[in-house]
Amino acid sequence: MMKGKVRSGKGDGKYYIGMDVYQDRFREVLGYSPFPGTLNIEVDVEERRELEESLEGKAITEVYRDGERLSDVTVFPCKVEEKECAALRLEKTDHPESILELISPHNLREMLGLEDDDTVEITKE
């Protein structure tokens with residue numbers, strides 16, 4: 001279990017998660033198409049590492065779009081406030097390691113009524 005604070009992103013998650021090539025791969029490994037966007041949570045880096053080590057990560061590699069290689073990503077199925085989601089560890093990101101990006105079949109911010117600085121709990125599936 002880990003707690004963190006909701007943070008606003010720059011909108012990059014919406015762009016990348018919404019790409020068909022990623023949607024297809026997420027559907028393969030998670031069994032669902034995620035909402036096009038991420039919920040960004042600021043967490044303690046050591047707690048993040050411990051959570052990722054305790055979860056079964058699923059790698060998505062060799063992702064290409066229009067001849068360009070996109071970021072590899074490892075997804076870690078988990079829950080935030082008891083809602084199904086997956087934590088992402090991206091090969092290429094502008095975020096510091098303290099920012100954990102979550103995807104879900106739902107718009108988590110809206111579904112859970114979250115605003116910046118709200119505290120959430122992330123747990124194993």
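Predicted model: local features only at pLDDT ≥ 70, side-chain atom pairs only at ≥ 80, totals over all residues.
**Cysteines**

A disulfide is a covalent bond between the sulfur atoms of two cysteines. With a cut-off of 2.5 Å between cysteine sulfur atoms, the count in this model is zero disulfides. C78 takes part in no disulfide, and its nearest cysteine sulfur belongs to C85, 3.6 Å away. Seen from C85, the closest cysteine sulfur is that of C78, and the distance of 3.6 Å is too far for a bond.

C78 is buried, with a relative accessible area of 0%. C85 is buried too, at 2% relative accessibility.

**Positive phi**

Most residues other than glycine have a negative phi. E62 has a positive value, near 55°, and D66 also has a positive value, near 50°. Neither residue is glycine.

Where do E62 and D66 lie? E62 sits in the loop between β3 (58–60) and β4 (64–65). D66 sits in the loop between β4 and β5 (68–69).

D66 counts as exposed, at 75% relative accessibility.

**Accessibility by residue**

| Residue | Relative accessible area | Class |
|---|---|---|
| C78 | 0% | buried |
| C85 | 2% | buried |
| D66 | 75% | exposed |

How values were computed:
Residues numbered from 1 in each chain as written. Heavy atoms only, no water. Buried < 20%, exposed > 50% of the residue type's maximum accessible area, 1.4 Å probe, protein only. Helix = DSSP H or I, 4+ residues; strand = E, 2+ residues; numbered from the N terminus.
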